[in-house]
Amino acid sequence: MATVCAAAVVLSVTACGTDDATTPIDPTVSVVKEYSVPENVDYNVRWSADPGIDLLSRPAVAVRAYMESYYLAIHGHALAAGYPGFADATSQQRDRVDFDYWNGSDLERLVGTQFEHVLALAPTEDGWAATVCSGNYAVMAEKEGRFFNLTGPSPQAETVRIVAPEQTLSVGSESLAAEGAERAPSADVFAGWKIAEHEQAARDQNAYAECDSRMPDIRDARPQKANLPHDAPYPTLAPYPGWPRYDEN
């Protein structure tokens, strides 16, 4: 991932242009009104990014949609738990997780806040490559009135490679209308972007230390071990940037 981090400097120039206009994602044929986040998932996701990375750019929106869908599919024990378009966007993904196979384990009610940070986002020959920090330490499972954090203090450093539709390769810095108060999109925000590869553990070991410094809570304030009991959950903060109501646009 060293080459990805270096190339991210290029994006930091193009993503900060003077044109503040945003382009909506056309929902005319892709709104899925019956989609909803799995009932057992009550946590929200808050995103941040390194300077120069626009969370509303086309590649960042695809990365956001994929990472949120990935964890929803894991926690919901189903491919269909991901956002509209998730199944198609991952259909050619190398070593895609079989989300529908879970050994009969029960769904856990999850609360709190998941922190995601885009550490690097850089163009490739056919799309973009991202390094994403996942801070799951503030997501907690509720069991008999007590709350148990899913992980210890260290965020995960993950890498995602996405393939862009051919006609959008040159507009990676264009901002989309992809923010709002909703927890999840009701439209297919993947819009033809495909996930080629997702490495749950980044190859660049330096990314772990960098991810640790990007979390909003200092390390000592985070749960120090996984599965510790707490009397109260971590606050469920509002989603950011969140998603708009596509069916009302």
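How accessible is R219, buried or exposed or partly exposed? R219 has a relative accessible area of 34%, so this residue counts as partly exposed (buried means under 20% relative accessible area, exposed over 50%, and partly exposed in between, with a 1.4 Å probe and protein chains only).

## About the model

This is a predicted model, in which local features need pLDDT of at least 70 and side-chain atom pairs count only at pLDDT 80 or more, while totals for chains, interfaces and linings use all residues. Residues are numbered from 1 along each chain as its sequence is written, and side-chain values use heavy atoms, leaving out hydrogens and water.

## Salt bridges

Let's start with the charged pairs. The structure holds 12 salt bridges (a salt bridge is a side-chain nitrogen of Lys or Arg within 4 Å of a carboxyl oxygen of Asp or Glu). R219, the residue of the opening question, meets D212 in one of them, at 2.6 Å from N to O. There is also a network of salt bridges to look for, which links R94, R161, E197, E199 and R203.

D42 and R109 join their side chains in a salt bridge with an N to O distance of 3.0 Å. This pair links distant parts of the chain, 67 residues apart: D42 sits in the loop between strand 1 (22-23) and strand 2 (44-49), and R109 in strand 3 (residues 109-123). Helices (H or I, at least four residues) and strands (E, at least two) are DSSP runs, numbered from the N terminus. D42 counts as partly exposed because its relative accessibility is 28%, and R109 is partly exposed at 36%.

Another salt bridge brings R146 and D231 together, with their closest N and O atoms 3.0 Å apart. R146 belongs to strand 6 (residues 146-149) and D231 to the segment after strand 10 (229-230), so the pair ties together parts that are 85 residues apart in sequence. R146 is partly exposed, at 36% relative accessible area, whereas D231 counts as exposed at 63%.

## The disulfide

Now for the cysteines. A disulfide is a covalent bond between the sulfur atoms of two cysteines; the cut-off here is a pair of cysteine sulfur atoms within 2.5 Å. A search of the whole structure finds one disulfide, formed by C133 and C211 with their sulfur atoms 2.1 Å apart. Because C133 lies in strand 4 (residues 127-135) and C211 in helix 4 (residues 206-214), the pair ties together parts that are 78 residues apart in sequence.

Which hand does this disulfide have? The torsion about the S-S bond of C133 and C211 is about -75 degrees, so the disulfide is left-handed. Both C133 and C211 are buried.
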